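This briefing is intended for a reader who is new to protein structures. Please look at the sequence and the structure below before reading on.

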Amino acid sequence: MVSPKFLALLEAEDLKDKVVLDVGCGAGRLTFLIASRCRSVTGIDRDTTAIVQARRRAAAERIGNAVFSVADAEAVEYDSFAPQLIAAHLCMSDAIIARCGRALAPGECLVFVAFHVDQWRETGRPSRFAYDEARLASVLRENGFVPEHLEVEREVTRFGTVQDGLAAAAGLEDKWKADGRWPGYVEFLERGGRSLTRSRLIVKARRR
Ligand SMILES: C[S@@+](CC[C@H](N)C(=O)[O-])C[C@H]1O[C@@H](n2cnc3c(N)ncnc32)[C@H](O)[C@@H]1O
């Protein structure tokens, strides 16, 4: 689900006449929400399959102001997309912030949701994209941004048994088995752990 607080931060920027870039767009979940509110939006992602899905949806729903491009967001520069606002939902890194800083003009905005270091802390493995508040604020400042909004949205699910703990992670098991998080979570449950944390940073920063 895309956080309503994040969408409110985007909408406060009066997107109507804006050219927007959505970094790490996946199949376009956020891109299509933005498309209905802005002049035009480009979604970039390195996952070709996701970009094909996004293009199919744009064609099926006749959404003419959303285009999608396969690109490594940590390798390309963003100037060619001429963004007046950059958004990102769960795809953020120092390299991406640096590129946003170079592409946006003074006064323009970067609005995003990033994984917080507490996301799935029970697995013992923070995401390589995860930030804590202080580090994120400092990376933003180093790249020419003034953080205007930096808030943690956290949801801790608590349960009574190992079985309930496994059920709470239903849908994540295959992913966690693939990325190596699963054994850490099972060990946490076996040691008596009874929680599962989702934690994200909701951020708006303006180019100085
Ligand atoms: C958690 S998904 C979020 C997708 C989408 N923003 C959404 O909310 O549905 C993270 C996305 O970032 C993309 N991604 C990660 N690193 C990337 C990179 N260096 N360049 C482009 N895309 C990247 C992944 O392929 C994936 O689609």
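Which of the 15 residues around the ligand come nearest? They are Gly24, Asp45, Asp72, Ala73 and His89. The model discussed here is a predicted one. The points below treat the ligand and its surroundings, and then the salt bridges.

**Place of the ligand**

- The largest pocket is where the ligand sits.
- The shell around the ligand contains six nonpolar residues, six charged residues and three polar residues.

- At Ala73 the backbone takes part: one of its polar atoms is 2.7 Å from a nitrogen atom of the ligand.
- On its own, the ligand has 590 Å² of accessible area, and the protein covers 82% of this.

**Salt bridges**

- Side chains that carry opposite charges can pair when their charged atoms come close.
- The structure contains 17 salt bridges.
- One of them joins Arg206 to Glu13, with the closest N and O atoms 3.1 Å apart.
- Arg206 belongs to strand 7 (residues 195-207), while Glu13 lies in the loop between helix 1 (4-11) and strand 1 (19-23), so this pair ties together parts that are 193 residues apart in sequence.

Notes: Residues numbered from 1 in each chain as written. Predicted model: local features only at pLDDT ≥ 70, side-chain atom pairs only at ≥ 80, totals over all residues. Heavy atoms only, no water. Near = heavy atom within 4 Å. Polar contact = N/O pair within 3.5 Å; in protein donor to acceptor, adjacent residues only side chain to side chain. Areas by Shrake-Rupley, 256 points an atom, 1.4 Å probe, with all protein chains shown as cover. 1 Å grid on protein atoms, 1.4 Å probe; cavity = no way out; pocket = protein on both sides within 12 Å on 5 of 7 lines; lining within 4 Å. Sits in = over half its atoms within 2 Å of the grid points. Nonpolar A, V, L, I, M, F, W, Y, C, P; charged D, E, K, R; others polar. Salt bridge = Lys/Arg side-chain N within 4 Å of Asp/Glu carboxyl O. Helix = DSSP H or I, 4+ residues; strand = E, 2+ residues; numbered from the N terminus.
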